[in-house]
Amino acid sequence: MAKAYQNNPDLNAVRAGLRATDEGVPIAKAGYRPQISAAITGSATRLGDEGFGPGTPLVSQDYTNGSASITITQQIFDGFQTLNNVRAAEANVFSSRETLKANEISILLAAAQSYANIARDQRIVAIRKQNLAFLREQLSAAKSRLDVGEGTRTDVSQAEAELAGAKAILVNAVAQLKQSEAVYVQIVGDAPKGIKQPVPASKALPKSLDQAVAAGLRDHPTIAAAEYNVDAAGYRVKSAEGTMLPGVVVQGSVSRNTTDRTNSGDSSNASITARLEVPLYQGGAEYGQIRQAKERMGQQRILVDSARAEVQQTIITAHAQFEAARATTSANKAQVSAANQALAGVIEERKVGQRTTLDVLDAQQSVLVAEESLVTSQRNAVVASYSLLASMGRLTIQSQGLQVAEYRAEEHYEAVKDKWFGLRTVDGR
């Protein structure tokens, strides 16, 4: 899980998306700041006069003009649009942080699941190899009994058929193991090594279903992200309403004009202009935008209820699966013990002629099914325990004590939220 937290490309992509969302705050704050522009112009002019009589010489005059100006525009009041745009951008950042937490939980769960899948598949491969070795012994024993006249050709054929089937299911088990290893590499970013049988999670598990649901509704980042989206939508409504309020803009400019034209001189100009704009009617677009923003805010409120319902359903499902997997594991352990005892008894009874080779093969098949069912239920218990933690929003590097550096999203936000200029990102790109 620590490797997946650090290396998973999907998770790193979400982090990059959050850094892009952080930039929405300085973009929104640009409405508070002045806008400065400079302009330089130059022109060359030729004036010609041919006179009024024949033979009158052509008189021409060449001159150049040049000008340079700087203009500063400052929004003094814009109906609180900038204020609300900044608050909406900040709410988007907080929502994206919660979305990142949800993605981190999903990746940690996927890592735990991929690990458990490999452990399951490795054990199934080992079980089927043991089954193959047992069936080879039974085939050899059947041939030996046939050679001394104690068995039949049917016993040998039955043993050969079971052996061929065992080889086929072993090939399938090896193929499934390779597929699970490929998924592990995709999620964790490293080849699986030293895989051992995991046990169900114990840290941060709830004591009851009610406690799990209460914790999930309180802590799950998906719900928090939806609530921040409501805040952002509310600020967008206020920003849209601000378009109907008056606005005040102050503009100052300084210019310098130069020329080499005869009888003309250089000049300098400076001006300060204050402008009050009162919107009266803008074709009705402003009303539609306000209504649209309100509907979107209503949509986000509904999505909060949807997120709560989904979290609750996921918790209940994961809790039920965990309880079922633990009960199934206990039953499968008893089944494996009973199946092995039955196999040993059938083998002994065959030695005295009370059982046939087919009975032994059937008993061995029961052992195989029981052992694989136990392995599967143990895997299900592990995955269900981590799924329960994930559904509550508690599957984090802190709760699991993972030895990995935590990604701190607020560091990038603090570095860029008040930036006035600069092209390079925080990491130097």
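These legends go with close-up views of a predicted model.

**View 1. Helix α5 from end to end.** Helix α5 covers residues 153-188. With 36 residues, α5 reaches 52 Å from its first C-alpha to its last, close to the 52 Å you'd expect at 1.5 Å a residue.

**View 2. The buried residues of α5 and what covers them.** Going along α5, the buried residues are D155, V156, A159, L163, A166, L170, A173, L177, S180, Y184, I187 and V188. What sits over them? The cover includes α1 (2-7), α4 (81-147) and α9 (357-392).

View 3. S180 is part of helix α5. Is S180 buried or exposed? Its relative accessibility is 5%, so S180 counts as buried, the cut-off being under 20%. Leaving out residues up to four places away in sequence, S180 touches N117, I118, R120 and D121. Take N117 from that set: in sequence N117 and S180 are 63 residues apart, yet C-alpha to C-alpha they are 6.3 Å apart in space.

**View 4. The largest nonpolar core.** In soluble globular proteins, nonpolar side chains tend to be buried together. Here the largest nonpolar core has 57 residues, and L343, Y386 and L395 have the most contacts inside it. Helices α1, α2 (9-22), α4, α5, α8 and α9 each put in at least two residues. Which helix gives the most to this core? That's α4, with 18 residues. There is also a second, separate core of 15 residues, with I223, A226, V311 and L388 among them.

**View 5. Around Y386.** Y386 is one of the residues with the most contacts inside the largest nonpolar core. Setting aside neighbours within four places in sequence, Y386 is in contact with M1, L109, A112, V199, A201, L395 and Q400. L395, from that list, is also among the residues with the most contacts inside the core.

**View 6. Helices α7 and α8 packed together.** Helix α7 takes in residues 221-242 and helix α8 residues 285-351. Their axes are 8 Å apart, and the helices pack at an angle of about 170 degrees. Angles over 145 degrees count as roughly antiparallel, so that is how α7 and α8 run relative to each other. Sorted by class, the contact of α7 with α8 has 13 nonpolar, five polar and seven charged residues.

How values were computed: Residues numbered from 1 in each chain as written. Predicted model: local features only at pLDDT ≥ 70, side-chain atom pairs only at ≥ 80, totals over all residues. Heavy atoms only, no water. Axes fitted to C-alpha atoms, helices over the stretch in contact; angles between N-to-C directions. Helix = DSSP H or I, 4+ residues; strand = E, 2+ residues; numbered from the N terminus. Parallel < 35°, antiparallel > 145°, perpendicular 65-115°, else oblique. Nonpolar A, V, L, I, M, F, W, Y, C, P; charged D, E, K, R; others polar. Expected span 1.5 Å × (residues − 1). Buried < 20%, exposed > 50% of the residue type's maximum accessible area, 1.4 Å probe, protein only. Contact = heavy atoms within 4.5 Å. Core = buried A, V, L, I, M, F, W, Y, C linked by side-chain atoms within 4.5 Å.
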